Amino acid sequence: MNNKCSKGDNMIDDKLERKKEIFKSSVINNSNKMLRRIDALSGKPESIEPFIDVLKRTFVDLRDVKRPRKFKETFGVFCVMVPEEMIYAANAIPVKLCSGIFSGAQVGEDFTPRDACPLVKASIGVTSMDAIPIYKNCSKFIVPTSCDCKKKMAYDISKFKPVIPIHVPSSRYDDTFVNNFVKDLYKFKNTLEYITRNQINYNSLKESFRMIARAQIETYKLIEMQKRIPAVIKGSHVITVMNAYAYEHVNGWTDDLCILNKELEDKVKYNEFVARENSPRILFAGSPVVFPNLKIPVLIEESGGILAADETCLGTRRLYDPVAITDDSLSGLMRALAVRYLMPCTCPTFVQNKQRLFRIKQMVDDHKIDGIIYHVLRGCQVYDFEYNLVEDEMKKYDIPVLRVETDYNEEDIEQLRIRLEAFIEMIKYKEI
Amino acid sequence: MNRLASKFRWFVMAIFFVFFTFGVHIFGLKVPSKFALPIFSCPINYETSYGGSCFTLCHLKKWVSATTTADIVFFIVFTFITILILGRLLCGYICPVGFIQDVLDKFRQFLKFDQIKFSEKRYKILNIMKWATIIIFFAGGIFWEFSFCSICPILAISPPLAGIKIVFSLSIVFAILFIVLSFFKRRFWCNICPIGYMIGVFHKLSFTSLKKDCQACTECGACYEACPMGIKIILTEREKDDVTTNDCLMCMECINKCPEKDALSLAYFEKKIYKASRKNFFENQDINE
């Protein structure tokens, strides 16, 4: 009796192990392919290598995040509304786990409805496989209740990993919403302190503010570089840099970005550009793209466009808004965090989100944009809702908008290529 | 350069504070009291030395009956011209009470005490208090022969600082309240100041104004957090260029904390003289070692 049972268990284990191996190899293949395509794009700056190495280490070598001394734990973080400063202050590293792995999305389909967005499917799928160390070694997941899919994911994913949900209000026209969010952050602080056994106090919080602010200053320099005509760096490379941020300690990342910025400054000095002056400048808006699902940014630049700016939440927007310290005390810092992570966020889950339109208009002006590609992940409804708003508003400025709906599957890549090429050519001829 | 701009305000405020508080000791009684600015500053000697025009404004009836017509006309014209030229820059830069409150606030931050955060509801209560002080201040002097000085908290603060003994009165109680409240809330007095409100009424005529580039704003809320007066329109306005209100002190805290390029700016004669920028933001942030 006993024997039979253990035999059955072994068989299931073997099956699972094999499934895991297949999953791993498909992740590695998928990532390798994307890395090669990023590598093959012309005009790659030399100092982008460290960022590519980070992605390689995480998804090809399947190794964990590099942990500097003192930082023992990692927390898995979803969305952009989780205050990373607090996690660093508790001597832990936040790794951003919104997933872009196609095979993960396939696995995740067992747990989610058909129309759920691939990002959530993939996040649940990869976690359930328990094969990628960056997911496996997290002590907890922190999931903000932003869009519907993320809300439900917070529960579904808790079958595999303990989850700390953070309540994000869906509206913010009144002071009470910010006040409540501050209260939630205090609760979150207590939870973090309990788990890590590290006190989050004024000094540790201020220190982590400094770390993030340094990263933000460098990111802002990179954005300023993107505003240049002719372009100095390709947008796909910028997105690669921002994706690497997710899997590294912020200090190491900032040091690498410092070197990259210096190289770009030199390139400006010696007039080494990656595109011609009249290449169509594209704004990439809409649903997030996560490595290895960078097919659209790469396609845009393979078709002769320049991705001059991106408005997606895992791009430069993640580090765009700085924390404004208006009162130099612990409660002041906590409040500043709450305001920074709630108020300027242009995620369309919020009820009133007019600021996103203004932001896009400002980007169109600053980056001298010729056309917008509006990316919609199949099932990402909130971004789809706002498409009409963006299109109507851009009509006034005579900026064409192309809506591209896709998921993580690579099968539609040739169709997408034709559409994107046509769009970019249309902009080119419009100018003549 | 921009870093100097925020230091500049402290410098100007300190100079005027010294002038208004210790002026008699330094300059003697040379400064003519005819040129009285509309600010809260106790005349140290009621007859001769220099003070703000608060004393005149809260004893209007008595003052009118004791002064010649030429002096009355001069006073009105002079007050109006200063309001035109400076507007509420008077509050942000010159008023010594403003300086005392800012020092108290810095002192609190130095001691790492938490501030009392005022939300919209509490600002509504402050608004009622403001109208109460306005009525007591102006109507008291005109109709009831009631001197605001007998309850004025500043009477128990600035003369003792200058080394003048005061007798016990109700104003000492209010002075303690004033110190405690402005310790925990930035510029508490300015929220209920009757003279400041009087200046603010003329903000549309005044040459100074606060401008906003509505497209550049990301609604990050930093300006609203930084504003000691709780003016929400600087955050929510999306159409108009001019965001000056009655309450705006021109303290430029919102511009210092604004991370967006040119989103907020201080304009004089419609010419923008101090603008917000990313660089300025990080310099004012005090996060670099």
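How many of the residues of strand β5 of chain A are buried? In this predicted model, strand β5 (residues 281–286) of chain A is mostly covered, with 6 of its 6 residues buried. Taken by the direction in which they point, A:Arg281, A:Leu283 and A:Ala285 lie one way from β5(A), whereas A:Ile282, A:Phe284 and A:Gly286 point the other way, and all are buried.

The strand belongs to an open sheet of 4 strands in chain A, in which the order is β6-β5-β7-β8 and the pairing is parallel. Strands β6 and β8 (401–406) of chain A stand at the edges of this sheet, and because each has a single partner strand, one side of each is left without a neighbour in the sheet. From one strand to the next, the twist averages 30 degrees. Within the sheet, β5(A) pairs with strand β6 (residues 306–310) of chain A in the parallel sense, over 4 bridges. Along this pairing A:Ile282 stands opposite A:Leu307 in β6(A), and A:Leu283 has A:Ala309 in β6(A) as its bridge partner.

Chain A also holds an open sheet of 4 strands with the order β2-β1-β3-β4, again with parallel pairing. Here the edge positions are taken by β2 (92–96) and β4 (163–166) of chain A; each has a single partner strand, so one side of each is left without a neighbour in the sheet. The twist in this case averages 25 degrees from one strand to the next. Strand β3 (residues 140–144) of chain A pairs with β4(A) in the parallel sense over 4 bridges, and A:Val143 stands opposite A:Pro165 in β4(A). Helices of chain A are placed against these strands: helix α7 (residues 148–156) lies across β3 and β4 of chain A, running at about 155 degrees to β3(A), while helix α8 (residues 175–196) of chain A packs on the sheet and touches β1 (73–77), β2, β3 and β4 of chain A, its direction making about 160 degrees with that of β4(A).

A contact between helices was examined next. The axes of helix α2 (residues 49–59) and helix α10 (residues 235–245), both of chain A, come within 9 Å and cross at roughly 55 degrees, which makes α2(A) oblique to α10(A). The crossing of α2(A) and α10(A) is left-handed. On the side of α2(A), the residues that meet the other helix are A:Phe51, A:Ile52, A:Val54 and A:Leu55, and their counterparts in α10(A) are A:Thr240, A:Val241, A:Asn243 and A:Ala244. By class, the residues of this contact of α2(A) with α10(A) comprise 6 nonpolar, 2 polar and no charged. Of these residues, A:Val54, which has its place in helix α2 of chain A, is buried because 24 other C-beta atoms lie within 10 Å. Leaving aside neighbours within four places in sequence, A:Val54 is in contact with A:Ala244, A:Tyr247 and A:Glu248. A:Val54 and A:Tyr247 are 193 residues apart in sequence, yet 7.0 Å apart in space from C-alpha to C-alpha.

The contact between the chains takes 28 residues from chain A and 25 residues from chain B. On the side of chain B that touches chain A, the elements that give two or more residues are α12 (222–226) and α15 (278–284) of chain B. This side of chain B has, by class, 10 nonpolar, 7 polar and 8 charged residues.

Conventions:
Residues are numbered from 1 along each chain as its sequence is written. Chains are lettered from A and ligands numbered from 1 in the order in which they are written. This is a predicted model: local features need pLDDT of at least 70, side-chain atom pairs count only at pLDDT 80 or more; totals for chains, interfaces and linings use all residues. Axes are lines fitted to C-alpha atoms, for helices over the stretch in contact, and angles run from 0 to 180 degrees between N-to-C directions. Angles under 35 degrees count as roughly parallel, over 145 as roughly antiparallel, 65 to 115 as roughly perpendicular and the rest as oblique. A crossing is left-handed if the near helix is turned anticlockwise from the far one by less than a right angle, and right-handed if clockwise. Two residues are in contact if their C-beta atoms, placed from the backbone, lie within 7 Å. Ala, Val, Leu, Ile, Met, Phe, Trp, Tyr, Cys and Pro count as nonpolar, Asp, Glu, Lys and Arg as charged, and the others, Gly among them, as polar. Two strands pair if DSSP finds at least two bridges between them. A residue is buried if 20 or more other C-beta atoms lie within 10 Å of its own, exposed if 12 or fewer, and partly exposed in between; C-beta atoms are placed from the backbone.
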